[in-house]
Amino acid sequence: MRVETSLSSARASLQRRRVLDNLAKSLSRLLTLLPLTLFLVMLVVLAFRALPILRSATLGELLGRRVWLPSQGRFGFLPFILSTLWVTAAGVVLAAPPCVLTAIYLVEYARPGFRNAIKPLLDILAAIPSVVYGVWGVVAIVPIVQMLGRQSNQWWGFIPLFRSSNPTGYSILAGAIVLAVMIAPFIVSVAYEVLESVPGGSREASLAVGATQWQTVRHAVLPQARAGIFAGVVLGASRALGETMAVLMVVGNVPQIPRSLFDAAYPLPALIANNYGEMLSIPLYDAALMMAALILLLMVLAFNVLSTLILRHAIRRNEL
Amino acid sequence: MVRKLNLHRAVCTLQLLWLLLLCACGGRSGEQAPQDEWSGTIAISGAFALYPMMTRWQEEFTKLHPHVSFDLSAGGAGKGMADTLAGAVDIGMVSREVTPEEEAKGAFWVPVVKDAVFPMMNADNPVRQDILARGVRREKFIGIYLTGEIRTWGQVVDREDNTAEIHVYTRSDAAGAPEVWAKYLGKKQENLLGVGVSGDPGLLEAVIKDPLGIGYNNLGYAFDNNTGLPVTGAMLIPIDQNGNGVADEDELIDTKAKAVELVASGKYPSPPARPLNLVTRGKPTGLVRAFIEWILTEGQQYVGEAGYVQLPPDQLEQALQKLR
């Protein structure tokens, strides 16, 4: 009698635990799939809302034209796409080398006390709202770039990349500097983790045969960390691609094809943010902004897929 | 036991959340109430240009009718228009003209105050004396902002010896001020040349920092509210309306009081002066109508202190007629 009761209660308990287990599994699976679904829904909705403009012109025309006059129905996205690439590329080029060196210093050279003081500081940099970076850019960076532009014209004016025809300082370079500071914490943080995960044995072996610290970093540590550091730079770059407010405030917002670092540019996120509230009165404007969002989304997607492929390739080759 | 307690707590929290959600969704838009005791909520969104004025009106109106509450947000004229036409808010604040397309979709509008855009230069402009003495004709502004033919400050004042380059600034964000400035020059915002800076304060900041800069600002930003003078570091460019080559008494604007007076009397051209509008979907009724009527009558007394310009009496009367 007694045995039976306890047996049946044990069975009931097992039943309950199984149900709970299944529930937990399906719930977590559902939540895992949610972001993917969300992304697909976003893509579909944007494409649907952008349909009117895709009907008004061919994709080639939209992406290849350089004139932006919405009230005349002329929507050319080329200046915005190129501006996005220019600002992002310049920002990453400015940020990556110093960030990697910072991470190397923190992991390989710095004393633990110093390291523990600096790391949280870098994390704070990542938490500053982007408007604050924008204001700082307007107040501090734009005047410096304005001065720099004048100098650059005198010294390197014969190189198109450094020729300045925009005397205001609101430019790609200003945007890139602000971006570089903004993405630095991400790159440093990832590079730091990667360098730290390199096993101590390789360092000891290298030092044991008489290599200097820098030689050790250069030949024993970095080769093993290369793929990971690349991933960090990619993370920074994808953040830079979509950064809106801070860039918008310093980049000049002129829809033209940029030719120099000192030209004003007009990246896609800025286009959307500047006009989203005002889009009602002009036909197709709404669709055009949705199109801009769609292009940006696809650019970020393509960039991430590409870098994942490169990363995989690099890992396989290094047999990491 | 512990788990049971947690479950219980979770259920309670969920219920609470649900309740909150219900509360948040309920209670929209005031219905007809006995004439004297209005109650309900008026939802308003739209232009930043009207936001400070509307806050003041909301304050005063709730003093008179304590059962009326407001749900006020700013997000740009276009957002106000879109929200209103979609029925998401009762009143939209629109700082530009209402287009025929929008009227066809059922937008009903009345002007409530006036605002104006003024061309601005840096206080250390190299040809500042000439500009203040002679003013600048509309054609010169067109040359600067639309065609790009006028590139130096010397050309602006017909003194070829001065070759200092003009640094043209404009607004990057779509808004009422750039639209009305472009309209004054005969085009649209998208046609304006220059480096785009975000927002009224941003544009002012750019001109203040750049001795060769030119920009334009709304009344509320062009002047320092404490002193009534133009914001330190910036000056208003007098518009030579009659083209006599002299900045006349009515063209030279050096204080806010004078600017308000010239805009109110219509001596300052319109555009760049403009009425700011309230928009509803169809002709308003009930509480919303009562509120707009109050704005056009008693509400006008707060216009001056909030830094805006009153509509002339005949235009106020016209607006009231339209509402009835």
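Ala133(B) sits in helix H5 (residues 128-134) of chain B, where helices (H or I, at least four residues) and strands (E, at least two) are DSSP runs numbered from the N terminus. The model is a predicted one, in which local features need pLDDT of at least 70, side-chain atom pairs count only at pLDDT 80 or more, and totals for chains, interfaces and linings use all residues. Residues are numbered from 1 along each chain as its sequence is written, and chains are lettered from A in the order in which they are written.

Ala133(B) counts as partly exposed because 14 other C-beta atoms lie within 10 Å; on this scale 20 or more means buried, 12 or fewer exposed, and anything in between partly exposed, with C-beta atoms placed from the backbone. The C-alpha atom of Ala133(B) is 8.8 Å from that of Pro238(B), 105 residues apart along the chain.

Turning to the interface, 26 residues of chain B are in contact with 23 residues of chain A (contact: C-beta atoms, placed from the backbone, within 7 Å). On the chain B side, two or more residues come from each of helix H3 (77-86), helix H4 (100-104), strand S6 (195-197) and helix H9 (199-209). H3(B) gives the most, with five residues.

Buried residues of H8(A) include Val217(A), Val221(A) and Ala225(A).

Methods:
Contact = placed C-beta atoms within 7 Å.
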